[in-house]
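Here are some notes for a colleague who is opening this structure for the first time. Please read them with the model in view.

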Amino acid sequence: MTLLHIIYLVAITAEAMSGAIMGMRRGMDLFGICLLGTVTALGGGTARDILLGHYPVGWIANPEYLTFTIGAAIVTGFVARHMHHLRKVFLIVDGLGLVAFTVIGCGVGMEMGAHPSIVVLAGVITGIFGGLLRDVLCNQVPMVLQRELYATVALFTGVLYVGLLWLGVSNNIASLVALGAGFLFRMLAMTFQWKLPDFQGKEIRGLD
């Protein structure tokens, strides 16, 4: 089992958990929790594969991933009921999934011989699209479209990973460094509430 495969299993588990937790916060039943967890875990990779023409799509070629994500969502549904600070747990596992999927998406882009900019874009799409679908299904403004550093973290992680490979660093080391740095960036951004500029200032309100 390659490091990238291990990272992928960690990522779909983390994202299935984040989807399940979001579903629980929205009062969904077991089916809803499983559906939301699966969409969150596999949605980004599906969008990437369709855009890159990478067929068959990952979870169709490996249907055991469906079982894996559904199982993770069900376990979360029972375990998370006994957890305190549910929002904090959600943000941590979502951050882990974000950076892990970004590295995986970049790896797929590189395997297909794409241009470095497309490789990074493939990583960003893989990282953010599942969470975007999760938020839309939960009828809320997607996290990636708000001021939080979310897509920015995915972009940073992808650029760092591709840059390390360009410098001749081995794939395993580049993956681990990009994962660690990206996750640290996300946690620091949440802790210190780093945000991008918004457009809700006086000059915008004055246009009403």
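1. Start with the second largest pocket. Its lining residues divide into seven nonpolar, two polar and five charged. Here Ala, Val, Leu, Ile, Met, Phe, Trp, Tyr, Cys and Pro count as nonpolar, Asp, Glu, Lys and Arg as charged, and the others, Gly among them, as polar. About 260 Å³ of space lies in this second largest pocket. Of the 14 residues that line it, Leu91, Glu148, Ala189, Met190 and Thr191 are the closest to its centre.

2. Some ground rules. This is a predicted model, in which local features need pLDDT of at least 70, side-chain atom pairs count only at pLDDT 80 or more, and totals for chains, interfaces and linings use all residues. Residues are numbered from 1 along each chain as its sequence is written, and side-chain values use heavy atoms, with hydrogens and water left out.

3. On the pocket terms: on a 1 Å grid over the protein atoms alone, a pocket is an open set of points where a 1.4 Å probe fits, with protein on both sides within 12 Å along at least five of seven lines; lining residues have an atom within 4 Å of a point. Grid points are joined across faces, edges and corners, and a volume is the space filled by probe spheres set on the points.

4. Which helix gives the most to the lining of the second largest pocket? Helix 8 does, with five residues. Helix 5 and helix 8 (171-191) each supply at least two. Helices are DSSP runs (H or I, at least four residues), numbered from the N terminus.

5. Now the largest pocket, with about 370 Å³ of space. Its lining has 23 residues, and Tyr8, Arg48, Tyr65, Ile104 and Val108 lie nearest its centre. Helix 2 gives the most to this lining, with six residues. Helix 1 (3-25), helix 2 (30-52), helix 3 (58-61) and helix 5 (86-111) each supply at least two. The lining divides into twelve nonpolar, eight polar and three charged residues.

6. Helix 7 (residues 151-166) has 16 residues. From first C-alpha to last it reaches 22 Å, close to the 22 Å expected at 1.5 Å a residue. That expected span is 1.5 Å times one less than the number of residues. Buried in helix 7 are Val153, Ala154, Thr157, Gly158, Tyr161, Val162, Leu164 and Leu165. Seen down the axis of helix 7, its buried residues fall within an arc of 160°, so they line one face of the helix. The arc is that of the directions from the helix axis to the C-beta atoms. Gly168 follows helix 7, with a positive phi near 95°.

7. Buried means under 20% relative accessible area, exposed over 50%, partly exposed in between (1.4 Å probe, protein chains only). Cys34 counts as buried, at 12% relative accessibility. So does Cys106, at 0%.

8. How many disulfides does a search of the whole structure find? It finds zero. A disulfide is a pair of cysteine sulfur atoms within 2.5 Å. The closest cysteine sulfur to that of Cys34 is in Cys138, 14 Å away and too far for a bond.

9. The peptide bond from Tyr55 to Pro56 is cis, with omega near -5°. Pro56 sits in the loop between helix 2 and helix 3. Asn139 is not a glycine, yet has a positive phi of about 60°. Asn139 is in the loop between helix 6 (116-137) and helix 7, and is exposed, with a relative accessible area of 70%. Gln193, also not a glycine, has a positive phi of about 55°. Gln193 is in the loop between helix 8 and helix 9 (202-205), and counts as exposed at 59% relative accessibility.
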